[in-house]
Amino acid sequence: VSVERRIQGGLGCTMDVLRVGETGRTSTRMILRRYGTWYAENKPRAAEIEFEVLGHLQRHDVPAPEPVWVDRQGVFEQPALVIGFVVGQAQKQPDDLMDYATQLAKMLARLHDVPFRGLPHDLTDYNAEEIALLSAEAPPDSMTLHPLGTQLWEGHRREQARVELEEGVFLHGDYWPGNTLWHEQGLVAVVDFEEVGV
C-alpha cells in the first residue's frame, strides 16, 4: 500500500488516494477517508455509518463509492474507512446547464427513493433537529453572525406550520454539485456521505 496523493477540499474528512497491490502487479486505487477530531468526539460511529450506508446504496444500485474496509479496531486515531476509487471529477463548466440540472435533480430523487429499511438505526433525524432549531427562543449564534441570519430563522419559523414533515426518507445531508462526480458530462457518482440522515 502506498499513498499516491491527498485529495484537496473536504471540511470534515481527509482523503488520501491509496495504491493497493503487490509489487510488479497492477495496483488498485482506493480512498482512505479519515474523519476529523469533531467527529471522533461527537459522532464516533461516523465511519461505520458511512460504511453501512454505502453498502446499502450498492445493494440498491445507487452510484456511490464501494465500501471496502472500516476501522473497527482503532487503527487510526480518528474514525476511518477505505472506499473504492471512482473515476470522475467535479463538473465546473457543464456544456448543457439544463441537462446538468436535470441529472442532479434525478439523482436527488433517486437518493430520496432509497428504502429506509436496512439503513443504520442511528442516522441523524433531521426532522427532530429542525423542530429543535425552530422551537428555540432565539436563533443559534451561528445564524445571528450572518446579517440576514435572524431574518431567515424567523421566516423559516413562520413557515414551519405550513410544512408537513415526511418520515422515513433517506437524506444525503450535504447534497450539492461539489459532492458529485462526473465523467464526460454524465453524473457517475455521489460522494461524501458523512452527514447522512432521515
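This is a predicted model: local features need pLDDT of at least 70, side-chain atom pairs count only at pLDDT 80 or more; totals for chains, interfaces and linings use all residues.
View 1. The side chain of Asp-192 makes a polar contact of 2.7 Å with the side chain of Arg-33. When residues up to four places away in sequence are left out, Asp-192 touches Met-15, Arg-33, Glu-50, His-172 and Asn-179.

**View 2. The largest pocket holds about 720 Å³ of space.** Its lining is made up of 28 residues, and those nearest the pocket centre are Ile-7, Met-15, Gly-178, Val-191 and Asp-192. Strand 1 (2-7), strand 2 (13-20), strand 3 (28-35), strand 5 (80-84) and strand 6 (180-183) are the elements that each give two or more residues to this lining. By residue class, the lining of the largest pocket comprises 13 nonpolar, 10 polar and 5 charged residues.

**View 3. The largest nonpolar core has 32 residues.** Val-53, Leu-57, Leu-81, Phe-170 and Phe-193 are the residues with the most contacts inside this core. At least two core residues come from each of strand 2, strand 3, helix 2 (46-59), strand 5, helix 3 (97-112) and strand 7, and helix 2 gives the largest share, with 7 residues.

**View 4. Phe-193 and a second core.** Not counting residues up to four places away in sequence, the residues that Phe-193 touches include Val-53, Leu-57 and Phe-170, as well as Arg-33, Glu-50 and His-172. A second, separate core consists of 5 residues, among them Leu-18, Met-30, Leu-32 and Val-82.

How values were computed:
Residues are numbered from 1 along each chain as its sequence is written. Side-chain values use heavy atoms; hydrogens and water are left out. On a 1 Å grid over the protein atoms alone, a cavity is a set of points where a 1.4 Å probe fits but cannot get out, and a pocket is an open set with protein on both sides within 12 Å along at least five of seven lines; lining residues have an atom within 4 Å of a point. Grid points are joined across faces, edges and corners, and a volume is the space filled by probe spheres set on the points. Helices (H or I, at least four residues) and strands (E, at least two) are DSSP runs, numbered from the N terminus. Ala, Val, Leu, Ile, Met, Phe, Trp, Tyr, Cys and Pro count as nonpolar, Asp, Glu, Lys and Arg as charged, and the others, Gly among them, as polar. A polar contact is a pair of N or O atoms within 3.5 Å; within protein, one must be able to donate a hydrogen and the other to accept it, and residues adjacent in sequence count only if both atoms are side-chain atoms. Contact means heavy atoms within 4.5 Å. A nonpolar core is a set of buried Ala, Val, Leu, Ile, Met, Phe, Trp, Tyr and Cys residues joined through side-chain atoms within 4.5 Å. Buried means under 20% relative accessible area, exposed over 50%, partly exposed in between (1.4 Å probe, protein chains only).
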